[in-house]
Amino acid sequence: MQYQLNEQDKSLRPVQNINSQEPFFSVISAEQFREEKEHHPYHKELLHSLGSIRYCKAEAFKDTIIGTLRLPRKSEQRLPQISFAFCLTRQSLVFIEDTGDVRKWAEKQIGLFREVRSPAQLLLRFMEQMIEDDALYLTHIETAAEKMEESVLNGDTKDFFPLLTGYRQKLSELNAYYEQMTDIGELFQSHVCSSLIGDTQEWEQYTHRAERLQNHVRLLRENMLQLRELYQSKQDARQNKIMGILTIVTTIFLPLTLITGWYGMNFAYMPELKWRFGYPAVILVALIIAIGEIIYFKKKKFF
């Protein structure tokens with residue numbers, strides 16, 4: 001079976017003999033789907049889903065499975081997610097999207113279509129492509145988390161919270177994504193869909209793979225939480241050290257403040273005021289007190 005791009009409506013459709021019973025695959029826009037909706041089963045439900053694609057889901061009917069897919073971008077940047085819908089029957093698989101991302105994928109993977117035995121298997125291959133490099137991306141996030149931990153331990157916390165917040169948001173997004181993909185995989189391997197897709201073993205393998213990715217994401221989210229606690233503990237230790245130094249300085253100067261207040265009362269009958277060595281004597285006493293306190297604090301290892 002061969003495929004070509006229809007220049008008139010910009011949809012990717014197969015070239016096949018009119019009597020052929022081979023699977024039919026196409027990528028069309030939402031506007032095209034609305035124009036030819038009567039040719040698609042359960043078009044009302046699918047049009048309702050097209051109105052706002054917020055997450056990945058699939059619904060099984062008697063002889064049709066419809067659903068929506070929303071793919072997060074595998075990057076640190078907050079780019080728009082790829083959203084589209086699909087309609088699967090025994091004879092056809094239709095993707096509905098307006099961004100052109102699915103069409104680009106289909107044009108690159110046309111050579112693989114000849115190895116596909118059914119529309120359901122083609123959908124499986126596409127969903128496998130959606131998570132093919134995700135383990136590598138999660139490893140990249142894990143490496144970044146390790147570098148952030150080293151930076152915190154070394155006292156370099158510049159841009160720590162913006163980075164941490166960005167990774168936590170991305171991991172939350174991926175966690176929801178893999179959970180939804182796992183639910184879709186479980187639906188396809190259930191008895192409800194077995195008559196439509198045939199052998200469910202490959203779908204079972206896909207479900208296990210999505211579950212492993214979700215477990216990896218959960219582990220990374222726990223690491224991010226521990227990283228935040230490490231940062232907070234380092235900040236608390238730094239603040240406690242500063243407060244300790246301030247407390248010691250205040251304690252050292254407290255006796256000196258007492259002496260200053262004492263001799264600042266201006267009593268008339270203070271013999272030290274008329275003694276020629278009174279001022280140097282007070283300075284000497286203040287120095288002895290300060291040095292004595294410093295020696296005491298060092299022996300007690302207060303600083």
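Close-up 1. Cysteine 87 stands opposite valine 94, a residue of strand 7. The model is a predicted one, in which local features need pLDDT of at least 70, side-chain atom pairs count only at pLDDT 80 or more, and totals for chains, interfaces and linings use all residues. Residues are numbered from 1 along each chain as its sequence is written, and side-chain values use heavy atoms, with hydrogens and water left out. Strand 6 (residues 82-88) pairs with strand 7 in the antiparallel sense over four bridges (pairing requires at least two DSSP bridges between two strands; strands are DSSP runs of E with at least two residues, and helices are runs of H or I with at least four, numbered from the N terminus). Three residues lie between the two strands of this hairpin.

**Close-up 2. Strand 3 beside strand 7.** Strand 3 (residues 24-28) pairs with strand 7 in the parallel sense over five bridges. Leucine 93 of strand 7 is the bridge partner of phenylalanine 25.

**Close-up 3. The two faces of strand 7.** In a regular strand, side chains alternate between the two faces of the sheet. Ser92, Val94 and Ile96 on one side of strand 7, and Leu93 and Phe95 on the other, are all buried (under 20% relative accessible area, with a 1.4 Å probe and protein chains only). Strand 7 (residues 92-96) is largely enclosed by the rest of the structure, because five of its five residues are buried.

**Close-up 4. Helix 7 against helix 9.** Helix 7 (residues 160-188) packs on helix 9 (residues 201-263) at an angle of about 160°, with the axes 8 Å apart (axes are lines fitted to C-alpha atoms over the stretch in contact, and angles run from 0 to 180 degrees between N-to-C directions). Helix 7 is therefore roughly antiparallel to helix 9 (an angle over 145 degrees).

Conventions:
Angles under 35 degrees count as roughly parallel, over 145 as roughly antiparallel, 65 to 115 as roughly perpendicular and the rest as oblique. Buried means under 20% relative accessible area, exposed over 50%, partly exposed in between (1.4 Å probe, protein chains only).
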